[in-house]
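Visitor: Could you walk me through the charged pairs in this one?
Guide: Gladly; here is the entry.

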Amino acid sequence: MSGFPNDLSADQRASLDTLRAALTPAHWAEHGLAAADLVLWRVDLGAIPSDAAAALSPGQTVVLLKFLRARNFVVADALAMLTACLKWRRDFGVAALADATFPASYAALGDVHGRERASRCPVTYNYYGGFDADKMLAEEGNGPEVFLRWRVQLMERAMALLDLEREPGVEAVMQVHDYAGASMRPAGAMRAVTKQVIATFADNYPECLSRKLFVNVPKVMESLFAAVSIFSPERTRAKFRMVGAGSTRAALWQWIDATELPERYGGSALVVPNDTKWIAVGARSAFTVWTPVTKGQTVHYHVATGGLDVGVAFGFAASLPKGVTDPASEAATKAKPEDAPKVQRVEVHAGSAVAPNDGFAYLYLDNSYSLLTSKDVRFVVKAV
């Protein structure tokens, strides 16, 4: 059995009952934990009924099972982990982090944005490129301890989006770590603080990870990944996936709808699932999308590749190319617009224009310059 609320074996159920029986006022008092210290992810563990026959709330059940799963349902170990977690949160001042401010340089390091498609778990993004990590961490008032506190705040922002009492089935967070342009190497202050973050999360956020994607990963990062991942439990490591620069967006699309993605990954409020089309533009080939328009209509378009660039041109034509009668036909998709502007090689591109006359809008996707590589492209064209 998985050990989740609706999938417990008799032994697992017995472990849950034993753990809840141990969480008495005397236990909390023995460890110096006050009532305010017993609220974890908006679930009040201090309100666990003393009557063994009384049911736990959905949130209480979720939280206790997280610690039990993390310690393979060994009750003594789960109790020790939970107690230590509550003490850490009190001593670290986690509650106060909600209002904490950090150096301006941290604004570009990460965010919470959207949710995972199937699980509806919130998604956190961490961006490691475009800055010298060791230099930043060496600045006065901006050391590793500040980064750790910022990183905990980011996780708490995501956890605050969970409602374990009302939606106990949504109980974790997806993490995306982006290394595009990263100057980080497998050494230095960032490596040390990364180990500290991993250890802190392993001790205090058990079973809170739905999956973790390491995207835009340069080759040099593979050794760092191997070095730091050993600090995570095996169950957590199984949720890790490394993705190279050539397939970052494709990997994200596998788990997250376009409407839930940050713009840098091809997300757009314009795009809705029913409008989005997918195509593989083959090596040394091109593809044209023709959309009928009337004068004065505004045409919006949005293109995002799975990770490698494709040539894009957008414009209007009074009619379809010679010999083409159906804008959706294969012949139309193979026909290059006669007066197409010079293509821009892009990975993510969006724009809009007003139709000057009745006719057709075209979106030209050019991969003729790629000798061997096909490009996965998601696009939408809407005339409104």
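Guide: A salt bridge here is a side-chain nitrogen of Lys or Arg within 4 Å of a carboxyl oxygen of Asp or Glu. This is a predicted model, in which local features need pLDDT of at least 70 and side-chain atom pairs count only at pLDDT 80 or more, while totals for chains, interfaces and linings use all residues. Residues are numbered from 1 along each chain as its sequence is written, and side-chain values use heavy atoms, with hydrogens and water left out.

Visitor: Which residues are linked in a network of salt bridges?
Guide: K66, R69, E171 and E207 are joined in such a network.

Visitor: And how many salt bridges does a search of the whole structure find?
Guide: The search gives 13. One joins the side chains of E156 and R89, at 2.9 Å from N to O. E156 lies in helix α6 (residues 144–159) and R89 in helix α4 (residues 75–92), so the pair ties together parts 67 residues apart in sequence (helices being DSSP runs of H or I with at least four residues, numbered from the N terminus).

Visitor: Are E156 and R89 buried or exposed?
Guide: Both E156 and R89 are buried, where buried means under 20% relative accessible area, exposed over 50%, and partly exposed in between, with a 1.4 Å probe and protein chains only.

Visitor: Switching topic, what does E330 pair with?
Guide: E330 forms a salt bridge with K334, their closest N and O atoms being 3.0 Å apart. Both residues lie in helix α11 (residues 330–334), 4 residues apart, about one turn of the helix. E330 counts as exposed at 56% relative accessibility, and K334 is exposed with a relative accessible area of 63%.

Note on methods. Helices (H or I, at least four residues) and strands (E, at least two) are DSSP runs, numbered from the N terminus.
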